[in-house]
Amino acid sequence: MKIGSLVLATVVLGATALAFGVSSKVEVGASAPTFDTLDSKGKAVRLEDYKGKYVVLEWSNFGCPYVKKHYNSGNMQALQRKYTQKGVVWLTIFSSAEGQQGYYPPAELTKLGVEKKMSSKLIPDPDGILGKLYGAKNTPTMFVVDPNGHIAYMGGIDDKATPDPEDIASAKNYVATALDEALAGKPVTTTKSRPYGCGIHYKN
């Protein structure tokens, strides 16, 4: 079964659950839309399996200048490494359609993850089902899901909406701040921001 078909089947099942009272609106404090898919190595990834942990969802496209800003500088990998070592689950999702910039076959995606020294699970989403489920429009777009399965943060990675890596040092990183506050048992001060970056090249 193709990855896209598997995700589609599980999202259809999820839609049935939504009809019985689970909110489908993606907003801070609401339940994060659940999904059941495969990572680039063909291993099952179910959001429900991570209850009890913080989860970061990162939409990516290595060809996007705004994504290159954070990967070529090593900033994104440093964040992944820091927080996965603290028990946070980090999922990097690629919703570009086949033939579009940002699409990578699973084997190539796995290879790129090794080359870039990533500490996240890489999720192919060529049919755009996960991206559309969360309303992701840009790369990078970030979500933090709390241990109860609720969205604690959604939006951009930081407050410097440029592709210039020199801006990283002076930027306020919303994702890091949200995780630091949440892991310390404090309320998240910035729960939502405007995402910036390249548009996602969806299939339709």
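I take buried to mean under 20% relative accessible area. The model I am reading is predicted.

Entry, Trp59. I looked up its accessibility first. Trp59 has a relative accessible area of 1%, so I note Trp59 as buried.

Entry, ring pairs. I describe a pair of aromatic rings by the distance of the centres and the angle of the planes. I counted rings as paired if their centres lie within 6.5 Å. The count came to 10 aromatic pairs. I then looked up the pair of Trp59 and Phe143: the centres are 5.8 Å apart and the planes stand at 70 degrees. Planes over 60 degrees apart count as edge-to-face, and I filed Trp59 and Phe143 under that heading.

Where do the two residues of this pair lie in the chain? Trp59 is in strand β3, residues 55-59, and Phe143 is in strand β7, residues 141-145. They are 84 residues apart, so I wrote the pair down as a link between distant parts of the chain. Phe143 has 2% relative accessibility and therefore counts as buried too. I also traced a cluster in which ring pairs link Trp59 and Phe143 with Phe35 and Tyr134.

Entry, Ser60. I found Ser60 in the loop between β3 and α2, the latter spanning 65-72. Is Ser60 buried or exposed? Its relative accessibility is 2%, so Ser60 counts as buried. Leaving out residues up to four places away in sequence, I listed what Ser60 touches: Val67, Tyr71, Thr92, Ile93, Phe94 and Thr139.

Entry, Phe62. I checked the ring of Phe62 for a charge and found the charged end of Lys116 sitting over it, 4.7 Å from the ring centre.

Terms used. Residues are numbered from 1 along each chain as its sequence is written. This is a predicted model: local features need pLDDT of at least 70, side-chain atom pairs count only at pLDDT 80 or more; totals for chains, interfaces and linings use all residues. Side-chain values use heavy atoms; hydrogens and water are left out. Rings of Phe, Tyr and Trp (its six-membered ring) pair if their centres lie within 6.5 Å; planes under 30 degrees apart count as stacked, over 60 as edge-to-face and the rest as tilted. Helices (H or I, at least four residues) and strands (E, at least two) are DSSP runs, numbered from the N terminus. Buried means under 20% relative accessible area, exposed over 50%, partly exposed in between (1.4 Å probe, protein chains only). A charge sits over a ring if NZ of Lys or CZ of Arg is within 6 Å of the ring centre and within 35 degrees of the ring normal. Contact means heavy atoms within 4.5 Å.
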